[in-house]
Each structure stands twice: as structure tokens, then as C-alpha cells.
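Here is a short report on one protein chain.

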Amino acid sequence: MNSRAIRFAFNLPAIEKIGAQRKTLQDLFNLESYNMNRIKHGSITSRPSFSNSINEGILSIISHCTFIFTFTDPLESPSKQDLKRVKLTQLLSILKSSKKLQDQILAPLMSMLSTNLFRPLPPPSNPSISSDLIDDEDSISSFPPTWSHLQIVYDILLRLVINMDPETLRNYVNHPFLLNLLSLFRSEDPRERESLKNVYHRIYSRFTFYRSFMRKSMNDVFLHYIFEKERHCGIGDLLEIWGTLINGFTVPLKEEHKLFLMRVLIPLHKTKGMHTYHKQLAYCVSQFVQKEPVLGGVVFRGILRYWPVTNCQKEILLLEELEELVENIDPDQYRKLALPLCTQITKCSNSWNSQVAERALYVWNNEHFVKMATLEIEEVFPIVVEGVERNLKWHWSKSVRQFTEIIKEMLENLDSALYSKCLQEIDLREYRARQEEIKRREKWERIEMAAK
């Protein structure tokens, strides 16, 4: 910003008036010599009126931005609302060209930002429904109108975090400030959560002395969501931040990070609203397994433990995640995981929901999964063959039966003798089951006859 722009923005007196008071060149030299002597002896500082005027102008702008408009009160003046937006824009343009701010400006500026940002959030748009189940596109009309001011406030905060030295901001961006920022992730407005995500992630990257505290604070939010109250709009945004953090972890992983995987990420698979953040959750989990493939066993058993019973949408998402994880886990764990994984896949392939059944059958197209199954083929085949035959006999969906025929042909090509043996065992079990049923009915008939 040049001197002309600064004079125009803050209505400063023209500097040329100083020269207008002296008519000769000798007078100007005398004035300069007089001022230099005063500066040398400490009686004045260089150009105090100019810098003080700039500070006073910025403070004046900040003072106009501390008043909060609700945009719902009919007594509020629209012209004053527009004036605040203009002032915030002026302040943002000043900060873009200033990388150092004095404490006399920084303190009221941070106070103004806190006043605008840290406010009570509006009640949920539909308290009877989990906020995780609310689509952003369906609630556009319910977004608060204060965003026209908040957007600029977030831009100002982001500019401060980027330009200012972290040690300078340390007294203002402290633990309470970070906790207040974190609480704003509950906002239903996706625009605010996006701005929060950028600011919070930038703080994490620059304020290295706060990283441990910020990780712990986010963990507390996750745990509260999982075990106490399954209502939070910002879980996906926080997981997106964690995805970038995990990507930067060094190998071998610290014990703290492994505990985060086991105690937070895996239990996040059991919540009702998992489908709203599953993409970010699956990315975080896959990052862990890629860095240390031996963790694949822990992840598989954890996901199978929280497998849904009646939520078909979650089943499809988990099937996709497991198929992706199979490609990244340590092959040495294939033998240990083959039986539980194939058992769950078979159960899903027998689901009466055609989408779940088709997705489970599609897993057999994965080379890594087939390799896992063949390593423990003696244990896996009896379960898989029984599931295949059950689909061919009883499933109502024609497409599922067609998929099953393809899987049967593939299994017979893998080991036709073992497949035939499994069929014989199935026939034998069914014969024994029929005999037991006959005996049970005869017994009940004798009891009924005796009762008569």
C-alpha cells in the first residue's frame, strides 16, 4: 500500500503541508537538522505522527468490526451491516501487505476475531435426526446469513496465521483459543467447516509447539462422538485433517499413533452416521496399513467386530474398504485372516439385499483376495462352497444367481476335487439334518399320543 492509498484510507493529513510551511530551501535544511538533533538526543522518534496515524486508522477499523449483527433483528441497520463488511475487507487488504503488527494493534485485532467467531451455534436444524444424516445440499436454506461477515473474518485469521511469526501470536493463539476453534466444527454450515479446516490445519503446520495438544483435542472430540453422543457435523473434516497428518508420520510409527488407530479410527466404523465420513475414515486407515502392513490384522479384526447387522449401506462401504485393505496388508498375515474374512464375505453374499450380495461376490475378482483364500483353501472351501450352493438354490435375485454361477466355475477350476468333496459333505450334513428332523417329529407325535 503506497502513501497516497494510506492517506486516502485513513484520511491522514497531507505530508506536503509540512513543506508548505517553509518557503526557502534553507528553511527546509534547518528543519531537517533540528529534527535529527532531537531524534539523536531521544526527545522524539522518527515520523511519529505518520505511524501513529496508521495505527489509529487500523484501530478505528477494528472498532467498527466488533459489533455483532444477527441479520434477523429488524432493528439492525442494513447500511451498518454493509459498512462492517467493507471495514473487514479493508482490514484484510491491509493485513495482506503487512507481515508485522504491533501489540497495540494485535491485541484488539485478536479480540475482535474472537468476538466474531466464538459465538453460540444455532440449534440443530432437525433435532430428531442425527446431524450426520443431514445432507448439506438439503439444508442450504437454513444456513445462517452471518456468513457474509464470518467469511472475511476467517480470511483475516488465516492471513494472520500465515504471515505472522508463531512466537508472536503465541500469547493470543493459545489452548483456549484452539479449543474454541475446535468447537466450531459442530457448525452445520459446510462453508464454515471448510474455512475452519484450512485455519486449523495451517495452525498445526506452523505452530509446532501445539501439535501434541491439537492431536489430543481432536481425539477427545472423536471419543465423545463415538461413546457419548453420535451427533457432530465436523467428523469428516477432522478426519481429513488427520489424513494429511498420518501421511507425514515417520516409520516406525509411534505408540501414540498406533493407539489412535485402535482406539479411535476402528471404533469410528460402528456409528450410525459412518457413511457421511467413511471416505475420509477409509483413507486414514489405509495410510496406517500402507506405512506398517503388519497393522492390517488389527484393522481387519476391528472392522469385523463392528460389522453391522441390518444396515445394508454400511455393509457395502465396509466391503469396499476390506477389499482395498487386502491389497496393502502383509502377505504373511493372509493365513490368519483368510478364514474370518471369507466367512464374512460368504455371509454377505447370502444376504437377501441384492446390492450387498453382488458387492460381496464381486470381491472374488480381486487377485489378492483369491490368493488369500487359496492359502487356506482346506478351511475356506467348505464355508464358501456352502454359501455358493445356498445362493443357487434359494436366492431370489436372478443377477445374484448369475454372479454365483461365475464364482462356482472359478472355484471348481481352483480345485475341482475339493469342491466335489465339499458338496458330498454338504449332502451328508443335509441328510443327517433330515434324519434328525424325522426323529424329532416322531418323538413329538408319541408325546401327543400319550397326552391324548
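## A salt bridge, defined

A salt bridge here is a side-chain nitrogen of Lys or Arg within 4 Å of a carboxyl oxygen of Asp or Glu. The model is predicted. Lys-393 and Glu-430 meet the rule, with 3.7 Å from N to O. The two belong to distant parts of the chain: Lys-393 sits in helix 20 (residues 377–394) and Glu-430 in helix 22 (residues 416–451), 37 residues apart. Glu-430 is partly exposed, because its relative accessibility is 32%.

## Overall fold

The chain has 22 helices and 0 strands. Of its 452 residues, 42% are buried. Take the contacts between residues at least 6 apart in sequence: 75% of them join residues at least 24 apart. The accessible surface is about 25,400 Å². Carbon and sulfur atoms account for 53% of that surface.

## Nonpolar core

In soluble globular proteins, nonpolar side chains tend to be buried together. In this model, the largest nonpolar core holds 113 residues. Phe-222, Leu-265 and Leu-268 have the most contacts inside it. Helix 7 (residues 147–163) gives the largest share of this core, 9 residues.

Which residues does Leu-265 contact, leaving aside neighbours within four places in sequence? They are Leu-239, Ile-246, Phe-260, Leu-281, Cys-284, Val-285 and Phe-288.

## Cysteines

The structure holds 0 disulfides. Cys-348 is in none; the nearest cysteine sulfur belongs to Cys-312, 9.4 Å away. Cys-348 counts as buried because its relative accessibility is 1%. Cys-65 has 0% relative accessibility, so Cys-65 also counts as buried.

## A tryptophan patch

Trp-352, Trp-394 and Trp-396 make a nonpolar surface patch of about 490 Å². Trp-352 is in the loop between helix 17 (334–349) and helix 18 (354–362). Is Trp-352 buried or exposed? Trp-352 is exposed, because its relative accessibility is 54%.

## Charged pairs across the chain

Side chains of opposite charge can pair when their charged atoms come close. The count here is 19 salt bridges. One of them joins Glu-192 to Arg-119, with the closest N and O atoms 2.9 Å apart. Glu-192 lies in helix 10 and Arg-119 in the loop between helix 6 (103–117) and helix 7, so the pair ties together parts 73 residues apart in sequence. Glu-192 is buried, with a relative accessible area of 1%. Arg-119 is partly exposed at 22%.

Arg-359 pairs with Glu-320, with the closest N and O atoms 3.9 Å apart. Arg-359 has a relative accessible area of 16% and is buried. Glu-320 is partly exposed, at 35%.

## A buried lysine in a network

Glu-194, Lys-197 and Glu-240 are linked in a network of salt bridges. Lys-197 lies in helix 10 (residues 190–206). Why does Lys-197 count as buried? Its relative accessibility is 9%, and buried means under 20%. Not counting residues up to four places away in sequence, Lys-197 touches Phe-185, Asp-237, Glu-240 and Ile-241.

Note on methods
Residues are numbered from 1 along each chain as its sequence is written. This is a predicted model: local features need pLDDT of at least 70, side-chain atom pairs count only at pLDDT 80 or more; totals for chains, interfaces and linings use all residues. Side-chain values use heavy atoms; hydrogens and water are left out. A nonpolar core is a set of buried Ala, Val, Leu, Ile, Met, Phe, Trp, Tyr and Cys residues joined through side-chain atoms within 4.5 Å. Buried means under 20% relative accessible area, exposed over 50%, partly exposed in between (1.4 Å probe, protein chains only). Helices (H or I, at least four residues) and strands (E, at least two) are DSSP runs, numbered from the N terminus. Contact means heavy atoms within 4.5 Å. A disulfide is a pair of cysteine sulfur atoms within 2.5 Å. Patches are made of residues with over 30% relative accessible area and no salt bridge: like charges are joined within 9 Å, nonpolar side chains (Val, Leu, Ile, Met, Phe, Trp, Tyr) within 5 Å. Accessible areas come from the Shrake-Rupley method with a 1.4 Å probe; for residues, only the protein chains shown count as cover.
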